[in-house]
Amino acid sequence: MLTYILRKILLGIPVLLGVTVVVFAIASAMPGDAVMAMITAEAPSSEELIAMRRGQLGLDQPIWVQYSTWLWQVLQGNLGRSFITGRPVADMIFERVPYTLELMGVALLVSFALGTALGVVSALRQYHTTDYVLTVAGFAGVAIPDFFLGMLLVYVFSLELRWLPSSGMGTAGDAFSLVDNLRHLVLPAAALALFRTAIFMRYARSSMLEVLTQDYMRTARAKGLSRITIVLRHGLRNALIPLVTVFGLTTPTLFGGSVVVETIFQWPGIGLLFINAVIDRDSPVIMGYVLITALIVMISNILTDLAYGALDPRVSYD
Amino acid sequence: MKRELMAAVSMAAVVVMASPSSAQQSGTFRSAMRTGCVEQGTLHTTCGHRLDETVLQGLVHIKWTGEGVQPMLAESWATPDGGKTFTFKLRSGVKWHDGTPFTAKDVVFSLNLYANPKVASPWGVKLSSVAGYDDFKSGAASELRGVKAIGDDTVRIELSTAQPAWVELQLIAISIVPEHILGKVPPQDIVGNKFWINRVGTGPFIWKEYQSDRFIEVVRNQSYFLGAPKLDRIVYQIYKDVPSIVTALETQEVDAMSYEGGGIPVSELSRLQKLQHLTVLPKFNAGLPTYLQFNLADARFADARVRQAMLYAIDRSAIIETIKGGAGELSNTLFPQAWARPESGMESYAYDPEKARRLLKEAGWSSTKPIDFIYYYSDQMNVDTITAVQSYLAAVGIEIKPRLLDPAAINQVYADGKFEMGFFAQGMGLDPSLGEPLVKCNAKPLSLGYCNPEVDALFAKGMSSADRKERAAAYRAAAVVLNREVPKGWLFNEVRPLAFNNRVEGLPQHFKEQPLVIFNHAVYNEVEKWTIKK
Amino acid sequence: MTDASTTFIVDEERQRTLWGDAARRFLRHRLAVAGFIVLSILVLACVFAPWVGQFDPNGIDLRLRNQPPSFAHWLGTDGTGRDIFARMLHGGRISLSVGIVAVTISASIGVVLGSIAGYFGGRVDLFIMALVDMVLTFPRLVIIIAFVAVVGPSILNTMLVIGLLSWPAVARLARGEILALRNQEFVQAARALGTSNRVIIIEHILPNIMGPIIVAITLDIATVILLEASLSFLGLGAQPPTASWGNMLRDARTLSILEGLPWLWIPPGVAIALAVLGINAVGDGLRDALDPRHVTDGGSE
């Protein structure tokens with residue numbers, strides 16, 4: 001088991017480096033750089049000023065030098081400072097990770113729980129109306145783009161009904177209150193959850209269906225166990241196994257956030273920070289974000305494999 | 001068990017939904033602000049200047065009526081030699097928010113900071129008239145020769161040439177920062193310094209809290225020199241895009257529209273005007289001319305007849321009537337200020353596609369490849385305008401291919417010399433002189449090959465007097481030349497519709513009296529006198 | 001028990017071919033057939049857009065802007081007077097072709113690389129899987145924005161970059177399927193006969209794995225259509241004045257339009273929903289038809 005983990009980590013390092021190299025290359029190839037991004041028509045800068053600023057930021061060096069400087073810094077545990085705001089990249093990112101985690105975490109958990117439950121119900125009620133209704137609802141759920149659903153939700157619940165706030169993660173300037181925060185969380189989480197619930201529901205349904213036809217289910221029934229016991233104790237546990245993989249595949253988005261939903265709801269998450277960094281050509285922030293996301297993907301892949309191994313007795317690693 | 005679970009869930013739902021929003025708390029004024037305006041700091045941003053009205057301050061601020069300046073940290077000033085030397089008497093007894101006394105040392109330090117080449121502030125150019133500026137910028141001198149402190153409460157500033165209106169036009173852009181804090185920071189570390197997310201100023205409100213991309217909270221300064229403010233606090237709520245602000249205005253989650261980065265979209269006005277709690281100003285002059293930008297070094301646009309033809313080809317009145325919902329006016333020259341334009345004597349470029357085709361033929365226009373047409377604004381109204389422009393130009397045989405670019409890419413295109421044509425705007429509401437970078441000989445990057453020494457001379461003349469009548473004469477003459485030569489394709493003078501919640505007493509009233517948007521400057525609008533209506 | 005669908009087959013001698021079986025199974029799935037019909041109508045309408053929608057999608061008429069549906073303009077007009085129906089059809093061409101081309105690119109790369117990895121194993125496998133991991137780790141949005149900024153915004157470039165980012169999933173799938181088949185007897189037999197590896201892969205293995213792959217890439221088309229909509233919302237994707245379903249939907253960004261001018265956004269929204277629904281239904285049907293191991297989940301029994 002340990003060797004397996006070590007091997008995965010070792011193989012992951014060149015992948016990590018490769019990702020950073022490619023992203024750095026593409027980001028540097030974009031027209032304009034951070035200094036260009038800061039010039040506006042109302043405050044045009046002289047050429048000497050531009051050249052000097054470039055020198056200060058190291059943007060006048062060849063690309064491979066810039067990359068190695070960044071890499072060396074990272075190996076010393078320093079993610080550098082933003083070209084645009086001058087603040088430490090680590091501060092900027094970790095300030096916002098909790099907000100993204102909160103939103104994506106709630107959305108994922110709710111959609112996983114709800115989706116699995118509905119999928120199981122749908123499987124148990126195969127060929128009945130419930131199944132058809134849920135299946136069609138599932139199809140519909142994946143056909144509506146996030147941002148569109150978000151706008152509809154704001155329209156109905158914020159503007160027309162005035163039940164919930166339209167944006168932000170809490171009433172600005174007031175001390176943090178859990179209730180206030182939750183009120184702000186409902187709509188963006190719902191916008192994110194619909195699509196994912198439908199996906200989980202589909203996977204849960206087909207997984208449960210497959211389990212239901214297995215021999216051991218028939219054995220349990222023959223033994224005279226009550227339906228509930230059969231479903232919950234024998235069926236569900238096995239049906240959950242492939243679902244764990246699916247869930248594991250979605251965990252990277254926990255940290256990546258959803259730019260679209262964050263824009264509509266002004267949720268101060270990491271997705272928004274990142275898009276702005278790309279537009280502003282803020283390399284340190286871009287690279288910091290990419291590095292952390294890549295690390296998280298790598299770790300979550302390993303954890304998913306381990307979880308799968310723990311749940312499915314047929315699988316073993318050595 | 002299941003029933004209890006259901007009950008618990010529904011109770012939680014009711015609690016969550018029924019909690020009253022605390023946005024209605026008395027004494028708090030909530031103002032919308034666009035993102036990206038705080039962390040770089042006042043010396044390096046082109047927005048966020050509300051904070052320079054309430055927390056940091058300048059020696060003088062422009063008044064909200066647009067005419068005259070309000071003495072702030074400078075109590076009075078005199079220029080006995082007609083605009084070459086200014087002696088400022090500073091207000092006494094003023095303290096920074098951390099208790100340190102404010103003195104002339106802070107003023108000298110601040111001006112030097114703005115002009116310091118190592119700080120690389122784009123606003124340093126506001127001090128270009130100060131004696132010794134060029135030496136300081138080139139490194140020959142280590143400070144601004146023309147700025148001297150006399151004792152603790154007087155500052156004397158000497159200019160290299162007399163400019164009677166220097167205070168009203170240039171000094172108002174400078175904020176005074178604390179020498180005892182920023183004096184310890186190396187110049188290249190000023191931008192993005194942690195001071196900017198925890199500012200210490202002299203203004204009516206004290207910086208309390210900043211949460212990135214969420215809000216800035218400032219609270220009442222009891223010992224403010226113009227009197228303690230009536231408001232308890234101001235919360236600047238940060239938004240990434242305009243539609244969210246519009247929604248928040250309607251739900252009363254925010255009280256004031258920000259005018260940096262776009263006003264209320266025209267399509268939303270009728271909806272907002274029906275709301276009792278809002279004062280809507282649909283025709284607020286933005287001081288923002290929009291125009292077609294040409295690269296005159298490109299052979300296709302070098303002939304003035306081609307540029308004039310394009311103006312004749314576009315039905316600008318129809319665009320205003322339809323796409324802009326009647327808001328805005330036709331622009332036929334650079335200046336959005338009515339006093340800087342002549343009453344008559346300018347070509348109106350009324351819609352005349354026949355004339356356009358004739359002019360194009362005279363000029364020998366032969367189009368083969370489509371023109372690379374760059375634009376930056378992506379809101380619906382401007383996108384529709386560009387679509388219409390494309391259609392009108394196509395009807396006379398000019399094909400443009402619109403391309404949306406972000407600022408970094410646009411500046412790179414300028415720098416590479418690859419710019420062909422585009423759609424742009426210039427915020428210059430404060431004064432006609434702000435239009436100079438667009439048309440001055442060889443001014444990079446915006447004059448794009450236009451050079452007329454007569455125009456340059458007229459601009460210089462405009463700065464050489466403080467008398468509005470004299471200045472108007474110079475600018476009106478320049479307006480006629482620019483109207484005739486069309487270095488830019490003048491399109492519209494834009495409006496920036498704003499809306500304010502009536503519960504903030506003083507807010508809508510002052511903006512009703514403000515003639516136009518005053519970009520990039522702190523505006524004195526008596527914020528210390530505003531209250532919240534019960 | 002004979003099933004009624006066999007009456008579709010007219011031949012005297014019933015040829016039980018692989019594809020014939022698949023077609024039969026597909027036709028049994030009611031939802032899939034319905035989806036297929038809807039999709040076909042949509043696709044044909046978009047392909048014949050200039051004839052079906054008589055107006056020029058870029059023909060502006062400022063005096064007739066924001067008109068509700070009428071006899072002249074069946075779905076009304078937009079902010080510059082352009083006919084919505086025509087724009088929806090032409091926009092469909094863009095959205096659908098982005099979906100199809102991007103998926104074709106990703107499927108081609110994915111199947112080839114996945115097959116090589118699965119069949120040859122060893123270091124080749126390791127290398128290709130590392131590549132897969134790498135591409136999967138890229139933050140999708142930044143690569144798209146940066147790529148488009150570097151090579152210029154055009155529909156072709158959008159198709160290219162989406163395709164280049166989507167191949168890993170297909171590759172993993174192909175590899176998994178091949179791993180299962182690699183040691184089957186028929187493959188070993190072919191190898192024993194001395195058949196070259198290339199022939200084995202192309203003629204023996206690929207046909208057997210095409211089933212799940214076809215299902216996967218069909219569903220991918222729906223994903224790409226939704227991705228294009230999101231990209232257009234962020235201002236990437238098709239540039240104005242060109243219409244695509246995504247950038248027509250972007251109009252609904254302001255609430256006055258959402259409430260007051262529903263004909264601006266309902267047509268593209270419905271079009272996207274129908275396309276995605278249709279594709280998903282067809283994909284479900286294909287899964288039943290092509291993947292013999294998959295448990296049939298009813299719908300029409």
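## Helix α16 of chain B

Just beyond α16(B), B:V486 adopts a positive phi of about 45°.

## Basis of the model

This is a predicted model, in which local features need pLDDT of at least 70 and side-chain atom pairs count only at pLDDT 80 or more, while totals for chains, interfaces and linings use all residues. Residues are numbered from 1 along each chain as its sequence is written, chains are lettered from A in the order in which they are written, and side-chain values use heavy atoms, without hydrogens and water.

## A parallel strand pair in chain B

Strands β14 (residues 371–375) and β15 (residues 400–404) of chain B pair in the parallel sense over 5 bridges; pairing requires at least two DSSP bridges. Within this pair, B:D372 stands opposite B:K401 of β15(B).

## Interface of chains C and A

Chain C contributes 42 residues to the contact and chain A contributes 43. Across the interface the rule finds 1 salt bridge, defined as a side-chain nitrogen of Lys or Arg within 4 Å of a carboxyl oxygen of Asp or Glu. C:D284 forms a salt bridge with A:R202, with the closest N and O atoms 3.8 Å apart.

Technical notes
Helix = DSSP H or I, 4+ residues; strand = E, 2+ residues; numbered from the N terminus. Contact = heavy atoms within 4.5 Å.
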